[in-house]
Amino acid sequence: MLPRIASALVLIPVVLALVFFASPAVLLCALGILGSACLREYFRLMERMGLRGQPWFGHAGFWFLILCLHIKLLPGELLLSVVVLSSFLVSIGRQAPMRERVTGMMVNLLGIVYLALCLYPALPLRYEFGEKLGLKWVLILLSVIWVGDTAALLAGKALGRTRFSPAISPKKTNEGAVAGLLAGIGVALLLQRLFFPELPVKHVGAVALLLGAVGQLGDLAESMLKRAADIKDSSALIPGHGGVLDRIDSLLFAIPVLYLYLLKLYSP
């Protein structure tokens, strides 16, 4: 537990400094570096499953996608078409058995889409709705996920009796999941009350419930990959937490969901 706390004390100020002070260009670079670190771990997981992708193409496709989304080079659907077509062409030219070419292509595409499309929306989420409003919602997002994860871990260890999804993540419990969900809602409503009274409480509550649920699903999704690879952590880079992918798996589902909510359902 002490390494986990020490890592959090280092990483949380860095993340908050980026959220508060980074320009769009700096934040984009930070998301790119984060995504590249996650891709490195992702390809390692795939290799443990016996699936050999092409990391060089995965990293190139990831950066291509987030940069082009940012500068709006092409509509999003056309950018995805370019990535898919390029993946086919690279696989056709690859010197490997045919089955390995095809499975490698699928590995490449999943990694690019999973990380680029789940990480990139953090940038428009922070700036597209106005600098101050975006900041408030990003802080709520981070608080719900961080507090929810911590509460789920502590409650699961202290009170956990029934397994949440034993086939995918044997240590997760229903009691921990409920505690994490309630803690996330509680911290979001507390932030609204103390610091963001202008945000409608109905939206803060709805967002907290939604983010708490999808955050746990994001955690479960990455656990499924690790379970298939028969590995505990995606890496040992962050003491007490595992890998970068382990640390942000909940956010990877929560970021695009919050962006979609604000885009389609939010009205002050």
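**Grounds for the descriptions**

Modeller: The largest pocket holds about 1200 Å³ of space. Its lining has 45 residues, and those closest to the centre are Leu-153, Ser-169, Lys-171, Lys-172 and Asp-219. Two or more lining residues come from each of α7 (131-159), β1 (163-165), β2 (169-173), α8 (174-194), α9 (201-229) and α10 (244-264). The model is a predicted one.

Biologist: Which element gives the most to the lining of the largest pocket?

Modeller: That element is α9, with 10 residues.

Biologist: How do the residues of this lining divide into nonpolar, polar and charged?

Modeller: There are 13 nonpolar, 15 polar and 17 charged residues in the lining of the largest pocket. Asp, Glu, Lys and Arg count as charged.

Biologist: What is the volume of the second largest pocket, and which residues are the closest to its centre?

Modeller: The volume of the second largest pocket is about 1000 Å³. Its lining has 38 residues, with Val-15, Trp-146, Arg-247, Ile-248 and Leu-251 the closest to the centre. The elements giving two or more residues to this lining are α1 (2-21), α2 (24-48), α6 (122-127), α7 and α10. The most come from α1, with 11 residues. By class, 31 lining residues of the second largest pocket are nonpolar, three are polar and four are charged.

Biologist: What makes Asp-149 and Arg-247 a salt bridge?

Modeller: The criterion is a side-chain nitrogen of Lys or Arg within 4 Å of a carboxyl oxygen of Asp or Glu. For the side chains of Asp-149 and Arg-247 the N to O distance is 3.3 Å, and the pair therefore qualifies as a salt bridge. Asp-149 belongs to helix α7 and Arg-247 to helix α10, so the pair ties together parts that are 98 residues apart in sequence. Both residues are buried.

Biologist: How do you know that Lys-136 and Glu-198 form a salt bridge?

Modeller: Their closest N and O atoms are 2.1 Å apart, and the limit is 4 Å. This pair, too, links distant parts of the chain: Lys-136 is in helix α7 and Glu-198 in the loop between α8 and α9, 62 residues apart. Glu-198 has 43% relative accessibility and counts as partly exposed.

Biologist: Why is Arg-94 called buried, and why is Glu-100 called partly exposed?

Modeller: Buried means under 20% relative accessible area, and Arg-94, at 11%, therefore counts as buried. Glu-100 has a relative accessible area of 24%. The side chains of Glu-100 and Arg-94 meet in a salt bridge, with 3.2 Å from N to O. Salt bridges with shared partners join Arg-52, Arg-94 and Glu-100 into one network. A search of the whole structure finds eight salt bridges.

Biologist: Which residues form the nonpolar patch on the surface?

Modeller: The patch is formed by Ile-71, Leu-73, Leu-74, Leu-78 and Val-82, which together have about 420 Å² of accessible area.

Biologist: Why is Lys-72 called exposed?

Modeller: Exposed means over 50%, and the relative accessibility of Lys-72 is 64%; Lys-72 therefore counts as exposed. Lys-72 is in the loop between α3 and α4. Its phi is near 55°, a positive value in a residue other than glycine.

Biologist: Is Asp-230 buried or exposed, and on what grounds?

Modeller: Asp-230 has a relative accessible area of 65%, which is over 50%, so Asp-230 is exposed. The place of Asp-230 is the loop between α9 and α10. Asp-230 is not a glycine, yet has a positive phi of about 55°.

Biologist: Why is Ala-60 called partly exposed?

Modeller: With a relative accessible area of 42%, Ala-60 lies between the limits of 20% and 50% and is therefore partly exposed. Ala-60 is in helix α3 (residues 55-71).

Key:
Residues are numbered from 1 along each chain as its sequence is written. This is a predicted model: local features need pLDDT of at least 70, side-chain atom pairs count only at pLDDT 80 or more; totals for chains, interfaces and linings use all residues. Side-chain values use heavy atoms; hydrogens and water are left out. On a 1 Å grid over the protein atoms alone, a cavity is a set of points where a 1.4 Å probe fits but cannot get out, and a pocket is an open set with protein on both sides within 12 Å along at least five of seven lines; lining residues have an atom within 4 Å of a point. Grid points are joined across faces, edges and corners, and a volume is the space filled by probe spheres set on the points. Helices (H or I, at least four residues) and strands (E, at least two) are DSSP runs, numbered from the N terminus. Patches are made of residues with over 30% relative accessible area and no salt bridge: like charges are joined within 9 Å, nonpolar side chains (Val, Leu, Ile, Met, Phe, Trp, Tyr) within 5 Å. Accessible areas come from the Shrake-Rupley method with a 1.4 Å probe; for residues, only the protein chains shown count as cover. Buried means under 20% relative accessible area, exposed over 50%, partly exposed in between (1.4 Å probe, protein chains only).
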